[in-house]
Amino acid sequence: EIPDKMIIIGGNVEGLEFAAIFAYMGVDVTVIEQLDNLLDGTDKDLAKPVLDKLKSLNVTFKTGLKVVSAEERGNSLIIRLDTEEIIETSMVLLTGIRQMNIPDGIEKTGVNYSSLGIPVNSCLQTNVANIFAAGDINGIHGMAHIAIQQGMLITEGLKGRPVVRDYKSLPRAIFTMPEIAGAGI
């Protein structure tokens, strides 16, 4: 079902991608972001057309605020902000929380790890020479295409070829409407 109203917690890439989708479907969307800026880390001149378009679709932005609680009340959800403001909605979507999925039993391997991930060297090796870590788990970048590239680099390294990682000119895309795409610094 498409809700009549929804709150998206997180004004990050995923949060605004979903805000665009739901707003185009006619949903009354409110985005709540604890930082003062939406799409933090994106050039303001690139983010502005996206934010302007979302505002034209009646998306409401609440920045610099934290959600302190959420509770069900009948068919509604009641969201309380750190300002004591209360918002009633039909649906809540929580974005922006990534948690490392450390494999069960890793402590038996001798691999060093922490809540920040598994550290790797330039060849994506862990401290145990025959164990490698690719993707979000190594904390280098949280992008799917980087994880795929790292997996391919590991196979090259296993064949004895040099592993070359260069993240100076990363391609990236934000699938809002309009979209944002880029490469480079």
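A helix here is a DSSP run of H or I with at least four residues, numbered from the N terminus. Keep in mind that this model is predicted.

**Stop 1: the second largest pocket.** Select helix α2, residues 44-56. This helix gives 4 residues, the largest share of the lining of the second largest pocket. The lining includes Asp36, Asn37, Leu38, Leu39, Asp40, Gly41, Thr42 and Thr63. Lys44, Ala47, Lys48 and Leu51 also line this pocket. Its volume is about 170 Å³. Colour by residue class: 4 lining residues are nonpolar, 4 polar and 4 charged.

**Stop 2: the largest pocket.** Which residues lie closest to the centre of the largest pocket? Select Asn12, Val13, Glu14, Asp40 and Thr42. They belong to a lining of 43 residues. The pocket's volume is about 1200 Å³. Next, show α1 (13-24), β2 (28-33), α3 (144-158), β8 (172-174) and β9 (180-182); each gives two or more residues to the lining. By class, the lining of the largest pocket holds 20 nonpolar, 14 polar and 9 charged residues.

**Stop 3: an open sheet.** Select β4, β5 and β6, which lie in that order with antiparallel pairing. β4 (67-73) and β6 (86-89) are the edge strands, each pairing on one side only. Look along the sheet: the twist averages 20 degrees from one strand to the next. Then zoom in on β5, residues 76-81, joined to β6 by 4 bridges. Finish on one of the residue pairs: Ile78 has Glu88 in β6 as its bridge partner.

Conventions
Residues numbered from 1 in each chain as written. Predicted model: local features only at pLDDT ≥ 70, side-chain atom pairs only at ≥ 80, totals over all residues. Heavy atoms only, no water. 1 Å grid on protein atoms, 1.4 Å probe; cavity = no way out; pocket = protein on both sides within 12 Å on 5 of 7 lines; lining within 4 Å. Points joined across faces, edges and corners; volume = space filled by probe spheres on them. Nonpolar A, V, L, I, M, F, W, Y, C, P; charged D, E, K, R; others polar. Pairing = 2+ DSSP bridges. Axes fitted to C-alpha atoms, helices over the stretch in contact; angles between N-to-C directions.
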